[in-house]
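User: I'm new to this and want to learn how to read the pockets in a protein model. Can you walk me through them?

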Amino acid sequence: MSDIFEEVDDSLRQDKIETAWKRYRLFVYGGAALLIGAVALNEFVLHPHFAQVRAERAKAFEQAATQLADGDYTDAEAGFEALVSEESSLSPLAANYLAQTLYEGNGDAAGATRVLEASGKADGTPFERLALLKAAYAKADTASLAELETLLGDLKEEESGLGALARELIAAKAFTEGDTARARTAYNRLKFDAAAPQGLVRRAEIALAAIPVPEEAAAEEPADEAASAEAPETTEETGQ
């Protein structure tokens, strides 16, 4: 009897499977066709298309760079502007070259600064961070220390060569604004900054030799010495 019941259960399961298959097979076929079509589209259409686009951008960049080197600033500017406007992975690099073209070709420092500032990002690619640092250097003479710090954002805290250069710019601006204490502190830290290039470390040493020690700091040193000299006497009097 148990065998009969098992056969009946098997028949019912098969009937349910056949019914479900007849009901949903079109969806299964459709899903499989979509998957195969998506793979084929990516392999034979999208991938070759994007590869061609990247190759064309690289060629356009090379042509604009050659025009810049040859002094053909008008065509170089047009080429770099087109690459920047596309907002591709090549755009930040093109923005750096566009700023150079504007400055060298037309003496347009303001335009170059705008391009660099628009492209610069403290948390972006190396070329975006480089553009931001260049923009800060371009604005260093007219911007305040607070404005430079805001512009540089997190870049001035980054443990890298670009971050060290940003910190050097902040130190120089602090000295320009008369905050010698902050300038000396910043340059002192740059002397021992593991991320700072050797040339920057040397400049920090030269700056420290040239910047006078603030009077407040010089006045504190004798006071500290006096306090340390009085400490043993106090110990003897208290017996502690």
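User: Which residues line the largest pocket?

Analyst: Keep in mind that this is a predicted model. To count as lining, a residue needs an atom within 4 Å of a pocket point. The residues that pass are Glu149, Lys156, Glu157, Arg167, Ile170, Arg182, Thr185, Ala186, Arg189, Leu190 and Asp193.

User: Which helix gives the largest share of that lining of the largest pocket?

Analyst: Two helices each supply at least two of the lining residues: helix 7 (161-176) and helix 8 (180-191). With 5 residues, the largest share comes from helix 8.

User: How many residues in the lining of the largest pocket are charged?

Analyst: Let's sort the lining by class. There are 3 nonpolar residues and 1 polar one. Glu149, Lys156 and Arg167 are among the lining residues, and Asp, Glu, Lys and Arg count as charged. The charged count is 7.

User: What is the volume of the second largest pocket?

Analyst: For the largest pocket, the space comes to about 280 Å³. The second largest pocket has a volume of about 210 Å³.

User: Which helix gives the most to the lining of the second largest pocket?

Analyst: That lining includes Asn96, Tyr103, Thr113 and Lys134. Helix 3 (91-106), helix 4 (109-119) and helix 5 (126-139) each supply at least two of the residues. The one that gives the most, with 5 residues, is helix 3.

User: How many residues in the lining of the second largest pocket are nonpolar?

Analyst: Ala99 and Leu116 are among the residues there, and Ala and Leu count as nonpolar. The other classes are 3 polar and 2 charged residues. The nonpolar count is 6.

How values were computed: Residues numbered from 1 in each chain as written. Predicted model: local features only at pLDDT ≥ 70, side-chain atom pairs only at ≥ 80, totals over all residues. Heavy atoms only, no water. 1 Å grid on protein atoms, 1.4 Å probe; cavity = no way out; pocket = protein on both sides within 12 Å on 5 of 7 lines; lining within 4 Å. Points joined across faces, edges and corners; volume = space filled by probe spheres on them. Helix = DSSP H or I, 4+ residues; strand = E, 2+ residues; numbered from the N terminus.
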